[in-house]
Structures are given as C-alpha cells and as structure tokens.
Amino acid sequence: MIRVCRAVLLGFVLAIAVVGLQAQDGFIFKPGPPAPPDNHASTVVELRNNDVLAAWFGGTKEGASDVVIWSARLHGGAWTAPAELVNEHGVACWNPVLFHTRDGRLWLYYKFGKSPSTWQGARRWSSDEGRTWSARERLPEGILGPIRAKPLVLDDGTVVSGSSVEKDGHWTVWVERSVDGGRTFTKFGPIALPETLDIPDAGALAAAKETGPAVSDADEGVKTRLYPPGPTTVGIIQPTIVSLGGEHLRLYARSKTKAARIAVADSIDNGVTWTQASFIALPNPSAGIDAVRLRNGRVILVFNNSYNKRTPLSLGVSRDGRSFHVFKTLEDGEGQYSYPAMIEAKNGDLLITYSWRRQTIKFVRVPKAEILSR
C-alpha cells in the first residue's frame, strides 16, 4: 500500500511539471488525480527576493502513514511544481509553519504522529531562503512549536508561538516563547475558556439544531459538511498572535464550544503571562483562523464566517482588535474552504493561502489599496 501511495505522489510531481505553472492568484497545483486526494493546513512566507513560499501536508487522508509536507515557490508570477519537503517515513506529518527569525533564518516547524494527542514537534531551517534545508531536528519534550499559525516575532527577536494541546477530550492553548532564536523555550498555560462564559447566542442555538446530509471522507470537500456547536465546552486551540502596540499582545483561537465563536486572550508583558480566554462576536465552526496586525495598526482576521460550516471564508478588519467588520469574502460556495494562512507583504498586500475543498491549496493576493479603502 505504501509503495502504491509513493508512486502516486511521484506521479503528482511529474504531472504538475508537465501541466505547467499556475497563475499568481488561484490554485498552487491542479486539483484531482494524480495529486494526493487530501491537501490541507498551508503556511505562507514572503522571501527576501519577493518570491513567495508555501507549504502544506498532503497524502491519501489526514493522519495516514503516507502524509508528508509539500512546498512550492511563486517565482516570476508562476508556481513551481510541488516538492516533498519533509517525510517522516510511515508516520503522518501535520501543520507546517514557515517564518523568518530576526537573523534572517527561514524556519519550518511541523508536527508528526498518528493524531494530535500523540504529536511530537520538529523543525528544519534554511539559510538560503528555502533552496536547501538543514537536517530534521526534534523539539524538546513538551514543546510543539507554533501549532498551526505563524508565530509573532518581536522587534527584539523574541519568538512568541501560539501552541495547543488536544488530549482526553479537552482543548487548551499554550504559548511557547523563545528569546534566543529557538535554542530554549519557556511555556505559559494552559489558557482555557471558562465554561461560565460559554453561552450560545441565537445564531449558535440555531446552528446546533441544523441538520444536513451525511458527508463521507471522499466528498467532504465538495459537499458542505456541518461542524455544529458542541453540547459541552471542549475548549480552544490553534492560536494566532498579534501585537496591539507596546507590550500588549492578543491571541485569537479556534473554539469547540456551545457558543461557537472565536476566542481571545491578552498579554501586557510581551507574551510572558496571559489572561484566560473570552469570546468576541465572530462565529467559529471549529475551524482554523489567522490574523495580522498591519503596519497601519489595523487588525485583519481571515475566518469562516459561520457557526457550523467551513464556508464562507471571509476577511474582517478591526481598529481595536475586538470589533470586526467583514469587508471581503474569498469563497462562499458549497464545500469547505479552510485553515487559512495570512501575512502582510512588504508592499502592504495581504498574501493568503487556504485549503480549497481539501483538494488543493489556493493562493490569493489582496491589494493594499483594497484594504486601505475599508
């Protein structure tokens, strides 16, 4: 079985090379055979020469033994053929995260294991913007690295990573902090959501009652699967962190709760200590989100604007980091459009990647002018 899967993945790379390169906005690779059937959890980074590098995990099915980390580069207006970046040889890879530290080193953090409850953290680094990579390095016991979204790198070089743990039916957020470029880490947590705050509004109550057709693994990307609010408070995971100025940081987290909304927590000492979590008004169907604070001070969130579906995928803007106005919809069709990654480019544009029906990874550039008009 593994031999067959590897042959399919090799055919995927060769076919992409033959088909040709994709345009800037749109699919990074063509969906459907011979591409792996499941492609998810992308990450994106802008390189020094203005190229864009994306990575994601792909294989026969999330958690399968053939799932590896892939990457592709946007150069000269076209995407290169996807190339295998990490292979844990029979153990599934998950949730790659690309980012630069202040010394210019490009990092790839990722997880591997059979399921989130058994994840271990690992990483590689590159000194030539992803042309070549170091050997794989396991993270210290108890450190997972940025769990899905990019970390926040402070002006002094401190790396503040949002992490989380899914174990024994509970979800909790942790923050991992390194002041020496990742040589050592300190942790704060768990950051949880008090059950007394988990109160569903009318939208969440209606979503909890909604029913839909059963969706199999084979067609869950094409058909709209429901992710209804939970009957109990499971918790929060996958935080994304922004600076609100000074030493005030805020994290935004995915939630699996009765309220089915995005959760936030705050730090006023550059991420050393944090409050417990509370909700903001935006819905969350237990789906990944990402956030950036623009150089003009506004905060942008990319999220699924629904209590129970991973569609639509929307952009919201805020002046205070708490009250958001939706100003653009990236996708609103049937299926799921999920796990977005987002950065502000050097020219002020937003660069966004996300899972398109889990069949491929889509790239979108939102011009600076469109953002400033909001």
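Analyst: Let's start with contact: two residues touch when they have heavy atoms within 4.5 Å of each other. This is a predicted model, so local features need pLDDT of at least 70 and side-chain atom pairs count only at pLDDT 80 or more, while totals for chains, interfaces and linings use all residues. Residues are numbered from 1 along each chain as its sequence is written, and side-chain values use heavy atoms, with hydrogens and water left out.

User: Okay, which residues does S286 touch, not counting those up to four places away in sequence?

Analyst: Its contacts are W171, R254, S255, K256 and R310.

User: And is S286 buried or exposed?

Analyst: Buried means under 20% relative accessible area, exposed over 50%, and partly exposed in between (1.4 Å probe, protein chains only). S286 has 10% relative accessibility, so S286 is buried.

User: How do I read a salt bridge, and how many are there in the whole structure?

Analyst: Look for a side-chain nitrogen of Lys or Arg within 4 Å of a carboxyl oxygen of Asp or Glu. A search of the whole structure turns up 17 salt bridges. One of them joins E62 to R358, with the closest N and O atoms 2.8 Å apart. Those two sit in distant parts of the chain, 296 residues apart.

User: What about D290 and K150?

Analyst: They form a salt bridge too, with the closest N and O atoms 2.8 Å apart. Both D290 and K150 are buried.

Methods: Helix = DSSP H or I, 4+ residues; strand = E, 2+ residues; numbered from the N terminus.
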